[in-house]
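Work each task on the structure before reading its solution.

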Amino acid sequence: MTLRSYVAGCGAHLPEKVLTNDDITKIVDTTDDWIQGRTGISERRIVEDNEFTSDLAAAAAKKALENAGKSASDVDLIIVATATPDLTFPATAAIVQAKLGISNCTAFDLQAVCSGFIYAVSTADKFLRSGSHKCALVIGAETFSRILDWEDRTTCVLFGDGAGAFVMTAQFVDDDMSEQQGFSGIIETEIQCDGQYVDLLYVDGGVSRTQTTGHLRMQGNKVFRQAIERISSAMVTVCDRSGIYPKDIDWFVPHQANERIIHGIVTKLELRSEQVVSTIAKHGNTSAASIPLAYSTAVEDGRIKSGDLVMLEAMGGGLTWGAILLRA
């Protein structure tokens with residue numbers, strides 16, 4: 001028997017404030033057609049002045065716990081993937097822990113930008129499979145509106161705020177059980193980074209270097225070219241390790257960065273458009289929150305069902321990238 005991790009429940013939360021493309025045309029020189037044609041985004045959610053990353057994270061976590069049939073007292077590990085923490089320290093995970101009323105557990109933040117949720121799920125998988133922890137709350141939460149330059153029309157149109165969460169637990173699985181014949185849980189993970197591309201996507205501020213928060217900066221065309229190649233490679237890697245082909249998956253839940261990137265990956269790996277879970281039109285790019293937001297949407301509307309084979313993927317600043325294959 002082998003201890004394996006699985007997703008016991010999921011949840012998501014979005015701020016109430018909607019910022020449409022037409023709203024953005026009043027801020028910068030752009031058009032709805034230009035934004036939709038290049039990104040697929042029509043609107044995004046933005047936090048109010050009194051809303052913080054931890055608020056979104058805690059709300060998503062509560063929904064995930066309810067979906068999993070778990071209580072906060074069951075949780076012994078919290079990982080918050082975010083590039084927009086409430087404070088420099090303590091970790092946003094500690095703040096979320098307090099908001100959930102959990103007095104003792106392991107809690108920390110993980111920073112891999114848009115790949116953060118992939119990194120966080122991969123990390124939780126290792127904790128759970130080791131047997132050191134039994135119930136993990138893995139959250140992707142962002143308030144990217146706080147680090148955008150609202151005079152830069154190439155970046156401010158892309159991002160939104162939100163949070164999504166997985167509750168992950170562990171179960172013993174028969175060593176002879178085929179992962180394609182009944183095993184429910186995390187099958188394979190792949191995470192990578194190449195720091196020589198830091199200047200393609202970064203924030204031009206930080207505690208040590210500038211003592212300021214800074215704004216997001218991106219070389220969009222170069223990021224686009226890197227994304228399709230590296231994400232596709234990670235997906236093929238986890239498929240090869242699992243003994244399947246990309247076309248065998250039931251659902252492809254990508255990081256919601258850009259509709260053209262998603263289409264490029266679908267074309268490169270010969271996937272079908274109906275396999276794709278896309279929420280970018282209504283959410284925009286919510287960085288580490290985008291995958292659990294999209295996954296939760298597809299679970300709630302009945303697309304992703306128990307037993308389905310699901311591929312998650314992302315690429316973010318660093319450059320970081322990765323993929324996860326799981327059975328729902």
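**Exercise 1.** Which residues does Tyr-6 touch, not counting residues up to four places away in sequence?

Solution. The model is predicted: local features need pLDDT of at least 70, side-chain atom pairs count only at pLDDT 80 or more, and totals for chains, interfaces and linings use all residues. Residues are numbered from 1 along each chain as its sequence is written, and side-chain values use heavy atoms, with hydrogens and water left out.

Step 1: take contact as heavy atoms within 4.5 Å. Step 2: with residues up to four places away set aside, Tyr-6 touches Val-167, Met-168, Thr-169, Ala-170, Gln-171, Ser-184, Gly-185 and Ile-186. Helices (H or I, at least four residues) and strands (E, at least two) are DSSP runs, numbered from the N terminus. Step 4: Tyr-6 has 23% relative accessibility and therefore counts as partly exposed. Buried means under 20% relative accessible area, exposed over 50%, and partly exposed in between (1.4 Å probe, protein chains only). Step 5: between the C-alpha atoms of Tyr-6 and Ala-57, which are 51 residues apart along the chain, there are 20 Å.

**Exercise 2.** Describe the largest pocket and its lining.

Solution. Step 1: the search uses a 1 Å grid over the protein atoms alone; a pocket is an open set of points, where a 1.4 Å probe fits, with protein on both sides within 12 Å along at least five of seven lines, and lining residues have an atom within 4 Å of a point. Step 2: the volume of the largest pocket is about 1100 Å³. Step 3: its lining has 36 residues, and those nearest the centre are Ala-83, Gln-111, Val-203, Gly-205 and Thr-213. Step 4: two or more lining residues come from each of β5 (106–110) and β9 (201–203), and β9 gives the most, with three residues. Step 5: by class, the lining has 16 nonpolar, 14 polar and six charged residues. Here Ala, Val, Leu, Ile, Met, Phe, Trp, Tyr, Cys and Pro count as nonpolar, Asp, Glu, Lys and Arg as charged, and the others, Gly among them, as polar.

**Exercise 3.** Which element gives the largest share of the lining of the second largest pocket?

Solution. Step 1: the second largest pocket holds about 530 Å³ of space. Step 2: it is lined by 29 residues, with Leu-158, Met-218, Gly-220, Asn-221 and Asn-258 closest to its centre. Step 3: the elements that give two or more residues are α2 (32–39), α6 (220–242), α7 (259–268) and β12 (309–316). Step 4: the largest share comes from α6, with six residues. Step 5: the lining divides into 16 nonpolar, ten polar and three charged residues.

**Exercise 4.** Which members of the largest nonpolar core touch the most other members?

Solution. Step 1: a nonpolar core is a set of buried Ala, Val, Leu, Ile, Met, Phe, Trp, Tyr and Cys residues joined through side-chain atoms within 4.5 Å. Step 2: the largest core has 48 residues, and Met-235, Phe-252, Ile-265, Met-311 and Leu-325 touch the most other members. Step 3: α6, α7, β12 and β13 (320–327) each supply at least two residues of this core, and α6 gives the most, with eight residues. Step 4: beyond its neighbours within four places in sequence, Phe-252 has contacts that include Met-235, Ile-265, Leu-271 and Met-311.

**Exercise 5.** Is Asp-194 buried or exposed?

Solution. Step 1: Asp-194 sits in the loop between β8 (185–193) and β9. Step 2: Asp-194 has a relative accessible area of 18%, so the residue is buried. Step 3: not counting residues up to four places away in sequence, Asp-194 touches Arg-230, Gly-318, Leu-319 and Trp-321.

Methods
Grid points are joined across faces, edges and corners, and a volume is the space filled by probe spheres set on the points.
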